[in-house]
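Colleague: I would like to learn how to read a structure like this one. Please show it to me, and I will ask about one feature at a time.

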Amino acid sequence: MSEEPLVPVVCSACGTETDVPLAEVADTVERHNERLHDGEDVAEVDPELTDQLADLVAEDMGLLGEDA
Ligand SMILES: [Zn+2]
């Protein structure tokens, strides 16, 4: 049981992929882009995972199973 899920952050410019605790993802991405890419949005959460997370979050919030 891991308390903190790790999220892969990829940077196409640096060619890196780093696993970051979910709680630190936003900070990590922002810092990386500020330090290495003059604040451009180069590094980002793995797009494949973003889709999965969106589904998970939607499910978690009951959006998928809710009757309109
Ligand atoms: Zn980078």
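Colleague: How many helices and strands does the chain have?

Modeller: The chain has two helices and three strands. Helices (H or I, at least four residues) and strands (E, at least two) are DSSP runs, numbered from the N terminus. Residues are numbered from 1 along each chain as its sequence is written. This is a predicted model, where local features need pLDDT of at least 70, side-chain atom pairs count only at pLDDT 80 or more, and totals for chains, interfaces and linings use all residues.

Colleague: Which pattern does the chain follow along the sequence?

Modeller: Read in that direction, the pattern is β-β-α-β-α.

Colleague: What is the order of the strands in the sheet?

Modeller: Strands of a sheet pair through backbone hydrogen bonds, either parallel or antiparallel. Here the order is E2-E1-E3 in an open sheet of three strands, with antiparallel pairing. Strand E2 (16-21) and strand E3 (43-45) are the edge strands, each pairing on one side only. Two strands count as paired if DSSP finds at least two bridges between them.

Colleague: How many bridges does E1 form with E2, and how many join E1 to E3?

Modeller: Strand E1 (residues 6-11) pairs with E2 over six bridges, and three bridges join E1 to E3. On the E2 side, valine 7 stands opposite valine 20, and proline 8 has aspartate 19 as its bridge partner. On the E3 side, valine 9 is bridged to valine 45.

Colleague: Which residue in the hairpin of E1 and E2 takes a positive phi?

Modeller: That is glycine 15, with a phi near 70 degrees; the hairpin has four residues between the strands.

Colleague: What span does helix H1 reach?

Modeller: The expected span of a helix is 1.5 Å times one less than its number of residues. H1 (residues 25-37) has 13 residues and reaches 17 Å from its first C-alpha to its last, close to the 18 Å expected. Just after H1, aspartate 38 takes a positive phi of about 50 degrees.

Colleague: What share of the chain is buried?

Modeller: A residue is buried if 20 or more other C-beta atoms lie within 10 Å of its own, exposed if 12 or fewer, and partly exposed in between, with C-beta atoms placed from the backbone. Buried residues make up 7% of the 68 residues in the chain.
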